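Take a walk through this model, from its open spaces to a few single residues. Keep the 3D view at hand.

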Amino acid sequence: MPNPTAAMLVIGDEILSGRTRDANMYFLAGELTKAGIDLREVRVVSDDAAAIVSAVNALRASHDTLFTSGGIGPTHDDITADCIAKAFGAHIGVRDDARALLGAHYASRGMEFNEARQRMARIPDGATLIDNPVSIAPGFTMGNVHVMAGVPSVFQAMVASVLPTLTGGAPLLGQTLRIDRGEGDIAGPLAELAAKYPTLSIGSYPFQNNGAYGANIVIRGSDAQALNAAMTELAKTFANDIS
């Protein structure tokens, strides 16, 4: 039985402008791999409502789970919550449970729970809150969509809150072999190996070192026996070219 699938939607002009380097995709991919959930697609969109709604509806329909990051803060350009509500046709407003969390948090620090901060308590009707032990402001889950902050420490904490609620599959395993031959020399045998082991993913990642060409061959799959067999066969085929 195939593993569940997931997609990720990264939201924010700062990502597309190059001002901010996204670290959340890398983290999420690793956590989903361990959980046996296949991350199949990642999109990055600007802070544009129509683009966000369109991407959310497309990705939640084509994958078992969708994770979003970014755009749930207190400023005017944090529009993700509104876009999720629009995608689901749901009403959105300040919710009592989210307001209570945030109100207590700011009161304990002697800070005003002003109108901007109250924006973070706006949750679509029907959503459930995602715990945020880092900065209290919650994410939320709506259907199969998990809406999370863009700040990496907060995103990671929210992923830790959500993952135990998801059904995973077999963890993805992987092995790597370095071959000191150019891709043009190894392409044929790799194609034959891929055809022989259709349940495995075989990737070739070339490099050049002091004028010499080579490739790191990465084989991934959830079947440990097939993975070991394919790696053994690959090593035998290129026994004289392994460093």
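Helices and strands here are DSSP runs, numbered from the N terminus; a helix needs at least four residues and a strand at least two. With that in hand, turn to the largest pocket. Bear in mind that the model is predicted.

Three elements each give at least two residues to the lining of the largest pocket: strand 1 (5–11), helix 1 (13–16) and helix 7 (152–162). Helix 7 has the largest share, with three residues. The space inside comes to about 450 Å³. Sorted by class, the pocket lining holds 13 nonpolar, ten polar and six charged residues.

Rolling a probe the size of a water molecule over the atoms shows where empty space is left. A cavity is a place where the probe fits but cannot get out. How many cavities of 30 Å³ or more are there? The count comes to one. This largest cavity holds about 90 Å³ of space. Its lining is made of 13 residues, and those closest to the cavity centre are I72, A81, R119, M120 and R122. Helix 4 (80–88), strand 5 (122–124) and strand 7 (139–142) are the elements that give two or more residues to this lining. By class, the cavity lining has six nonpolar, three polar and four charged residues.

Stay with helix 4 for a moment. T80 is found in this helix. Is T80 buried or exposed? Its relative accessibility is 0%, so T80 counts as buried; the cut-off for buried is under 20%. Which residues does T80 touch, beyond its neighbours within four places in sequence? The contacts are I11, T68, G70, G71, I72 and V147.

Now move out to the loops. I136 sits in the loop between strand 6 (128–130) and strand 7. Its phi is near 75°, a positive value in a residue other than glycine. With a relative accessible area of 26%, I136 is partly exposed. N210 lies in the loop between strand 10 (201–209) and strand 11 (212–221). N210 is not a glycine, yet it has a positive phi of about 55°. At 79% relative accessibility, N210 counts as exposed, since the cut-off for exposed is over 50%.

Finally, step back to the whole chain. It has nine helices and eleven strands. The radius of gyration is 22 Å, well over the 18 Å that the globule rule gives for 243 residues, so the chain is more spread out than a compact globule. Along the principal axes, the C-alpha atoms fill a box of roughly 70 × 40 × 35 Å. Of the 243 residues, 40% count as buried. The accessible surface of the chain is about 12400 Å², and carbon and sulfur atoms account for 52% of that surface. What share of the contacts with a separation of 6 or more joins residues 24 or more positions apart? The share is 69%.

Conventions. Residues are numbered from 1 along each chain as its sequence is written. This is a predicted model: local features need pLDDT of at least 70, side-chain atom pairs count only at pLDDT 80 or more; totals for chains, interfaces and linings use all residues. Side-chain values use heavy atoms; hydrogens and water are left out. On a 1 Å grid over the protein atoms alone, a cavity is a set of points where a 1.4 Å probe fits but cannot get out, and a pocket is an open set with protein on both sides within 12 Å along at least five of seven lines; lining residues have an atom within 4 Å of a point. Grid points are joined across faces, edges and corners, and a volume is the space filled by probe spheres set on the points. Ala, Val, Leu, Ile, Met, Phe, Trp, Tyr, Cys and Pro count as nonpolar, Asp, Glu, Lys and Arg as charged, and the others, Gly among them, as polar. The radius of gyration is taken over C-alpha atoms; the globule rule is 2.2 Å times the number of residues to the power 0.38. Buried means under 20% relative accessible area, exposed over 50%, partly exposed in between (1.4 Å probe, protein chains only). Contact means heavy atoms within 4.5 Å. Accessible areas come from the Shrake-Rupley method with a 1.4 Å probe; for residues, only the protein chains shown count as cover.
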